[in-house]
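Try each task before you read its solution.

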Amino acid sequence: MIVCCKQVLDPEAPPATFKVDPATNKVVPPQGVPPVISPFDEQAVEAALRIKDAKGGKITIISLGTGLLRDVVKKPLSMGADDLVLLEDPAFADGDGWSTAYALAMAIKKVGKFDLIFCGRQAADWDGGQVGSAIAEILGLPAVTVARKVEVLDGKARVERVAADGYDVIEVGLPALITVSNELGAARYPTIKGIMGAKRKEPIVWKPADLGVDPAQVGAAGRRTKLAKLFQPVREAKCELVAADTPEEAAVKLALKLREVKAL
Amino acid sequence: MPKGVLVFAEVSDGKLSGIAAELLGCGRGLAAELGGDLTAVLVGSNVAGLAQSVIAAGADRVFVADDPLLADYATDSYVSVIEKVVKQAGPSVVLLGQTSIGRDLAPRLAFRLGTAATMDCVALAIDPATKRLMPTKPVYGGNARAVFACETEPQVATVRAKVMSPITPDPARHGEIVSVAASLEPAAVRTKLVQKVKEELKGVKLEEATVVVSGGRGIGGPEGFKELEELAKVLRGAVGASRPACDSAWIADTQQVGLTGKVVTPDLYIAVAISGSSQHMAGCSGAKVIVAVNKDPEANIFKEARYGIVGDWKKVLPAFTAKLKELLAQ
């Protein structure tokens, strides 16, 4: 099994710490808030680990980016994954869904044999939700996106796919690609043994030449969509707080207020 | 040269979906700016009868792929049929809804066509100089917005529900209906739908409710949601939740409001013990009036709400529900 994991700015950081530099169209990383593995990707690792628990198998993690902090990208190893491959090179950086997926797909080919590829449903930074589908398209694989449960039975994957009013149960032959949603449940915590093991494990680092790809096809150079502008929407701070001596009195005042402004 | 706009007219429960009408409404304006026509594609089984309603909602031409093999959505079958229609119609812009089907279909279709998609857009503009589509989408969980330009053809985008306005349907509008042979090989569809499971709560549907009462992490357990249900019942509304509450299984996942849950646009949104993360606000910021109850005066929700009480919801809610019951009985 292969799981693609992205290092992102912590999406749980307080919204007030979020800043955009309009001159560069880039996000200014907040001070003192370390990056994390994108939460859906952690849950993709969890999905793979549950299959490993039930059926065995080996899990290879692939992370793409620049400035990858070893403590961050090794977290899937400390959760129980086996190997870590880093596509770490400036040429890989700042791609769109397509050019990022292209590099990942070429790395997956180089890793070799696999039954399942897992990705998060979307990354917590650009919220694109395309890389999984693009990897599947490049590798000619079927994909099931936005999964809440994945099991392997008789050489097939049985996937529960989140729908607006419940879920669909879908069967797909292997190999296949699956993207994972938060409904799968929380990712497990690393164990002490896992953390010690991960410390000793050195990631494999691949450059564009290792994948045999033209740097013009990956990262910023390979983009099909260009970022024209990045900005923060202006919020109108205009909340009217209803106060009273007791919470119960405040509640009554709020109810009257809502009727007065015809919000009911 | 690619021309005009093509809309995926998604069908839900045997009817043209709301998002399809919204896309057709917005597609009309874009097609006029681009100097092309508005085409739609209708895919499914027994859907041919809906073609006239697609024209009434604004399409100049509807391609209809009606085949029993298309009854249920499968990525492979839908991508193959729509790819064929796109090649025949030659649009410059392809629009889909950011629905469970659209978010699966759009990227795969785009990559099959050798182009790329911009997902979950909340605004679509045409650059007057280049005549290229400039879609705006929320990024970083709603903390920022990005405007993209797609450099390949066709330019594919999915659009969030309820941000575009449909036109008033005109049953007398004329348009062309083109039938498309699906010509699917069953073996080419590599996924098999085994079962559809409905999990939605009884009562008013979240997406259609005029009042939504939502609870967050601070509710603390499933019992608290019973109190929210009580309030929702008084207001004839629906109960929603933020992601942490769903992840803790205090309420069904189908009730999640937010970036990865549902987008709601009620007249009144009551956020109880919700901090108001950008991810959550992405699902409810279209509400006319947001009311917040939270014990933390610094909570982000007070930057988004119109009215609020800083206090413990356990003390506020019973009195609030009782007073509203009294007011609404008058």
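**Exercise 1: a strand and its neighbours**

Strand S9 (residues 133-139) of chain B has 6 buried residues out of 7, so most of the strand is covered, taking a residue as buried if 20 or more other C-beta atoms lie within 10 Å of its own. Keep in mind that this is a predicted model.

Task: find out which strands of chain B pair with S9(B), and in what sense.

Solution, step by step:

1. Begin with strand S8 (residues 123-126) of chain B, which pairs with S9(B) in the antiparallel sense over 4 bridges. To locate one of these on screen, look for Leu124(B), whose bridge partner in S9(B) is Pro135(B).
2. Now follow the chain between the two strands: S8(B) and S9(B) form a hairpin with 6 residues between them. In its turn, Lys131(B) has a positive phi of about 60°.
3. Move on to strand S10 (residues 144-150) of chain B, which also pairs with S9(B) in the antiparallel sense, over 4 bridges. Here Val139(B) has Ala144(B) in S10(B) as its bridge partner.
4. Finish with the hairpin of S9(B) and S10(B), where 4 residues lie between the strands and Tyr140(B) takes a positive phi near 50°.

**Exercise 2: the chain as a whole**

Task: work out why the radius of gyration of chain B agrees with that of a compact globule.

Solution, step by step:

1. Take the chain length of 330 residues, for which a compact globule would have a radius of gyration near 20 Å.
2. Compare this with chain B, which has 22 Å, and therefore agrees.
3. Buried residues make up 58% of the chain.
4. Look inside chain B, where the domain assignment gives domain 1 (5-188) and domain 2 (206-329). The centres of these domains are 33 Å apart, and 7 residues of domain 1 are in contact with 8 residues of domain 2.

**Exercise 3: where the chains meet**

Task: describe how chain B touches chain A.

Solution, step by step:

1. Start with the contacts: 71 residues of chain B are in contact with 67 residues of chain A. On the chain B side, they divide into 32 nonpolar, 16 polar and 23 charged.
2. Zoom in on Val172(A), which stands opposite Thr191(B) in S13(B).

Note on methods: Residues are numbered from 1 along each chain as its sequence is written. Chains are lettered from A and ligands numbered from 1 in the order in which they are written. This is a predicted model: local features need pLDDT of at least 70, side-chain atom pairs count only at pLDDT 80 or more; totals for chains, interfaces and linings use all residues. Domain bounds come from an automatic or database domain assignment. Two residues are in contact if their C-beta atoms, placed from the backbone, lie within 7 Å. The radius of gyration is taken over C-alpha atoms; the globule rule is 2.2 Å times the number of residues to the power 0.38. A residue is buried if 20 or more other C-beta atoms lie within 10 Å of its own, exposed if 12 or fewer, and partly exposed in between; C-beta atoms are placed from the backbone. Ala, Val, Leu, Ile, Met, Phe, Trp, Tyr, Cys and Pro count as nonpolar, Asp, Glu, Lys and Arg as charged, and the others, Gly among them, as polar. Two strands pair if DSSP finds at least two bridges between them.
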